[in-house]
Amino acid sequence: MRGWRLLTQAGAQVLGRSSGSLSAALPPPSGNRTNICLRGKNGTWWDEHLSEENVPFVKQLVSNEDKVQLASKLCPLQDEPWPIQPWEPGSSRVGLIALKLGMMPLWTKDGQKHVVTLLQVQDCHVVKYTSKENHNGKMAALHAGGKTASRFQLGLLPKQKVQIFRVTDNAVIKPGPPLYAAHFRPGQYVDVTGKTIGKGVEGIMKRWGFKGQPATHGQTKTHRRPGAISTGDVARVWPGTKMPGRMGNVARTTYGLKVWRINTKLNIIYVNGSVPGHKNGLVKVRDSKLPAFKDFCKNLPFPTYFPDRDEEELPEDLYDKNVWQSSEPSITFA
Amino acid sequence: MRHVCSIKGTSSECSEVITCPFWQPLRCMSSFPPTALPSVVCRPGRQQSTGPSEPGAFQPPPKSVIVDKRCLPGQETRFLSPEFIPPRGRTDPLKFKLERKEMLERRKVLCIPELYVGSILRVTTADLYASGKTSQFLGICIQRSGSGLGATFILRNTIERQGVEICFELYNPRVQEIQVVKLEKRLDDGLLYLRDALPEYSTFDVNMKPVSLEAGQEVPVNKLKVKMEPRPWSKRWERPKFNIKGIGFDLHLTEEQMKEAQKWSQPWLEFDMMREHDTSKIEAEIWEEIQASKNS
């Protein structure tokens with residue numbers, strides 16, 4: 001049975017919940033959402049009662065409507081957005097949800113080779129605002145949704161992944177506008193969170209990095225075993241002892257990754273090193289919380305990058321100053 | 001003068017006979033013709049100004065300007081370098097498009113000629129710790145691997161009786177020039193067995209002059225059968241999974257051993273439909289991209 005997907009629309013009073021944390025039985029949303037087809041309770045699917053000719057027609061119709069809905073939210077000015085407040089030291093802004101495309105080599109001007117991960121921002125919208133008091137008493141929260149998923153799971157335009165970003169009060173954005181890759185700039189550092197690749201049940205050498213035993217010199221049937229699991233005096237095994245079990249498919253974060261390059265046209269961020277998750281997986285990208293990069297968002301668009309509000313158009317590719325671009329001549333050491 | 005050749009065991013012989021007063025007329029066992037003019041347009045350069053010359057005096061021939069035609073923009077080579085073809089997988093094709101864009105931009109700056117496994121190349125790279133800040137290496141290409149921007153090729157040569165292999169990246173910005181000294185193919189796609197072959201098969205003269213090919217001629221295939229060191233080898237090259245045709249196995253293995261090696265053959269592999277991967281559509285798209293980037 002497929003998991004529940006969210007039903008979200010910006011600008012309307014709709015309940016938003018983070019994905020994956022829903023239980024099986026939920027009260028249906030109130031009032032005007034009567035055209036929801038919920039799976040599970042009825043056991044039906046969207047094209048069960050449609051004839052064969054009507055199925056492609058309905059698909060086309062729905063995709064057209066989706067595109068119209070997405071396009072209509074591209075101008076936040078129509079919705080009277082909240083006033084933009086200036087940056088203060090100690091403020092944190094929203095992050096993005098991006099799709100991991102793959103990895104590529106990148107060379108700097110001194111000839112060093114680095115590896116970068118490409119993260120593409122597809123249809124990332126701010127979906128919900130929770131004030132400080134409702135959230136946890138310390139900081140306000142903004143929910144941002146990632147890739148748009150199929151609407152046949154639920155009635156309206158749902159997002160495949162919704163994540164919570166804790167922001168300070170001066171960085172709140174009214175739900176509605178999309179977020180772009182230009183929210184980040186080359187030269188800054190980000191933290192990327194994603195679900196690691198699931199490996200299933202794994203032994204201790206792979207899961208915990210134990211050394212195992214030698215291959216020869218009389219070892220009987222013992223090459224990848226843990227050996228001792230506790231001492232004698234305790235007469236029990238401590239809870240939490242490292243043992244074989246399921247590995248992977250857990251949310252992990254890599255901190256302090258440098259952004260080398262941003263493609264504003266295709267909304268792609270080139271981030272140094274590797275990122276948890278498999279290709280075409282969704283990750284949460286936000287400004288780094290490491291103490292070395294505190295107050296880095298001084299020069300960055302605050303609270304986010306609005307393409308129609310800024311007068312200057314950004315060039316298609318933004319590079320960090322040390323990056324060697326392919327159109328430059330070969331490197332020579334003079 | 002005796003012409004010292006570092007390559008032996010080739011099947012071709014040049015037809016010229018070098019004569020000199022002190023030695024017997026020698027048959028030059030060289031693999032390239034001594035008239036080594038690359039695929040060129042020979043234009044007379046500046047004339048030597050020797051002042052008023054007598055009618056019978058020696059006039060040095062005019063210096064010709066050597067231009068390698070294969071890298072000129074007008075050349076039509078329908079050779080698609082293998083790193084352009086993306087590997088099979090579930091990656092978004094957008095990522096490959098971005099990589100190809102970078103690769104084509106780099107190719108506009110640096111001329112990367114068509115190279116095969118078995119061709120002899122000379123690569124000039126920028127090196128911080130070398131005098132003159134550049135270093136050159138000549139060798140035979142034994143392997144091409146990787147796809148996209150990280151594509152590499154390994155060159156092998158023997159320097160002072162020590163075998164040396166260097167893995168170069170095609171799109172590394174420190175590579176300043178890749179010159180194909182001799183363009184040819186071998187019977188195999190990978191020549192890693194040269195590590196177990198006699199050292200004469202991996203030795204090439206570092207100051208070799210480039211060998212020319214006619215403009216329309218196909219790339220020649222060198223059907224050389226290499227002689228190996230005594231076994232054991234680093235890999236069991238006789239096994240069918242390596243599919244090596246360029247080793248003279250009859251000198252090192254008996255018929256029984258060859259039959260024994262055939263036990264590891266997997267004859268069902270060529271009929272496996274899941275391994276079939278037709279790249280013609282992807283290649284057509286890639287050619288279109290290349291044409292579009294050439295025109296822009």
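Trainee: The axes of H1(B) and H3(B) come within 11 Å of each other and cross at roughly 45°. What makes H1(B) oblique to H3(B)?

Mentor: Axes are lines fitted to C-alpha atoms, for helices over the stretch in contact, and angles run from 0 to 180 degrees between N-to-C directions. Angles under 35 degrees count as roughly parallel, over 145 as roughly antiparallel, 65 to 115 as roughly perpendicular and the rest as oblique. The axes cross at roughly 45°, so H1(B) is oblique to H3(B). The crossing is also right-handed, a word used when the near helix is turned clockwise from the far one by less than a right angle (left-handed if anticlockwise).

Trainee: Which residues make the contact?

Mentor: H1(B) contributes Lys97(B), Arg100(B), Leu104(B) and Lys108(B), while H3(B) contributes Ile286(B), Glu289(B), Ile290(B) and Ser293(B). Contact means heavy atoms within 4.5 Å. In an α-helix, residues three or four places apart point the same way, because there are 3.6 residues a turn.

Before we continue, note that this is a predicted model, in which local features need pLDDT of at least 70 and side-chain atom pairs pLDDT 80 or more, while totals for chains, interfaces and linings use all residues. Residues are numbered from 1 along each chain as its sequence is written, chains are lettered from A and ligands numbered from 1 in the order written, and side-chain values use heavy atoms, leaving out hydrogens and water.

Trainee: How does the reach of H1(B) compare with the expected value?

Mentor: H1(B), residues 93–109, has 17 residues and reaches 25 Å from its first C-alpha to its last, close to the 24 Å expected. The expected span is 1.5 Å times one less than the number of residues. Helices (H or I, at least four residues) and strands (E, at least two) are DSSP runs, numbered from the N terminus.

Trainee: Why is Gly111(A) called buried?

Mentor: Buried means under 20% relative accessible area, exposed over 50%, and partly exposed in between (1.4 Å probe, protein chains only). Gly111(A) has 5% relative accessibility and therefore counts as buried. This residue is in the loop between S1 and S2 of chain A, and touches Ile331(A) and Arg174(B), not counting residues up to four places away in sequence.

Trainee: Is Gly139(B) buried or exposed?

Mentor: Gly139(B) has a relative accessible area of 0%, so it is buried. Gly139(B) lies in strand S6 of chain B. Leaving aside neighbours within four places in sequence, its contacts include Ile120(B) and Leu155(B).
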